[in-house]
Amino acid sequence: MKNILVVGRDAGTPVIQGSGCATTIPTMVDQPLEQLEQALGANHVLTFGEEADTETLALAAKADLVLVYTSTEGAYDGEGSDRTTLALGPGQDAMIAALAMASEKVAVVIACPDAVEMPWVDAVKAVLVTFYSGQAMGGAVADVLTGRVNPSGKLSVTFPKRLADVPGFLHYPGENGRHIYGEGIHVGYRAYDLREIEPLFAFGHGLSYTSFAYSDLTVSSAQIGLHDAITVAFTVTNTGDRTGAEVAQLYLQAPGKRLKRSPQELKGFAKPVLAPGESRRVEIIIKGSDLAIWDPALGRWVLEGVEARVVVGASSRDPKLVADLTIKPSVLPFRRLAYDTQPAYVLPNAIACEHICAYLTSRCNISKEDAMRMLNHCSNSFFGIFTSLERRLRVSIPEAKVAGLISEINAAMDEAESEL
């Protein structure tokens, strides 16, 4: 590629940082165009155009490579304001689309604070996202473009195809100055996975000038408890002809029972640097506490007993290796009892049933079997268990006795959990 056309004002005045409190005073700033000229040397013809006018489009049609430097609008990337669009700065999406119509050899460099939409992505050959790379951005990009450096970054955010796919789209900005964080735990890639939305680029995605293969997944133990630790090991091989680094990612796929979980959760990663043909054994240590979820009723981190999987991949949407993992419970799979706990949540709880049946046996002078039959008779009631018993059996249960039973049952559950 001898004849290269560079387009975009950001090639002359780079976007290297955010605004407001995201601003620093650089000691120097690389100009991307100058750095690219130095990196390419005298054997290349470099032409610059600020926008896609008629002359620039004519040059694009003849160029061996059209390199477009773009950015988002800088007024909305600091404190006190939020972006209202995921588009690039005014006119830049249209500029890229026009250049892609004139040439089949367009590559785009994007400086941005976060995800952006790319309506033109299928018409260009390559995209390099720099985010905000600081004062040496110009030289760093030139090194990547000319192959001096093999890019090895992976996305720390999901890039959606459109703004409406963003998890918080229906909740933000709210109304009357009040914003509800309605996504709960399903933020970022978790929401895209749960809603089965195909992103533009997945969380953890990133290309390289080489390629990698994954093999030989082992897990040091087939089960893990809250206070345990396991080692997940696998082999990564550089199958290309360039030295490069691969960000290998480890995800947990565990179904929730009483508590919600996302379809998968990132739990670890490693970044081996490998020469062409080199293989390396990668080990990631996972603690049981790393897999825990917050129980708002108990006010602590817990593990529910489930059959789960560990998945090793090149991104959240590019799994390579899978292994089964049994998660041992640190908590009983039942709610703590309250006055209004419905029978449907009490009947599966053997501890609660035992205490309530013992009371009914004494109160009504019946057998344990008959007491359990009375409990089951309340199974379809939408009232609390004690209200349901009073209505169905036409008996009264003193409030003090209800409070005592609740305390006894919850204390017995606490004791049972301490032995897990």
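Here a residue counts as buried when its relative accessible area is under 20%, as exposed over 50%, and as partly exposed in between (1.4 Å probe, protein chains only). The model is a predicted one, so to speak of cut-offs first: local features need pLDDT of at least 70, side-chain atom pairs count only at pLDDT 80 or more, and totals for chains, interfaces and linings use all residues. Residues are numbered from 1 along each chain as its sequence is written, and side-chain values use heavy atoms, with hydrogens and water left out.

Helices (H or I, at least four residues) and strands (E, at least two) are DSSP runs, numbered from the N terminus. Both E417 and R336 are buried. The pair also belongs to a network, in which salt bridges with shared partners join R300, R336, D414 and E417.

Another salt bridge joins R258 to D295, with the closest N and O atoms 2.4 Å apart. Again distant parts of the chain are linked, here 37 residues apart, with R258 in the loop between β10 (248–253) and β11 (265–270) and D295 in strand β14 (residues 293–295). D295 is buried at 0% relative accessible area, whereas R258 is partly exposed at 25%.

Definitions and conventions:
Salt bridge = Lys/Arg side-chain N within 4 Å of Asp/Glu carboxyl O.
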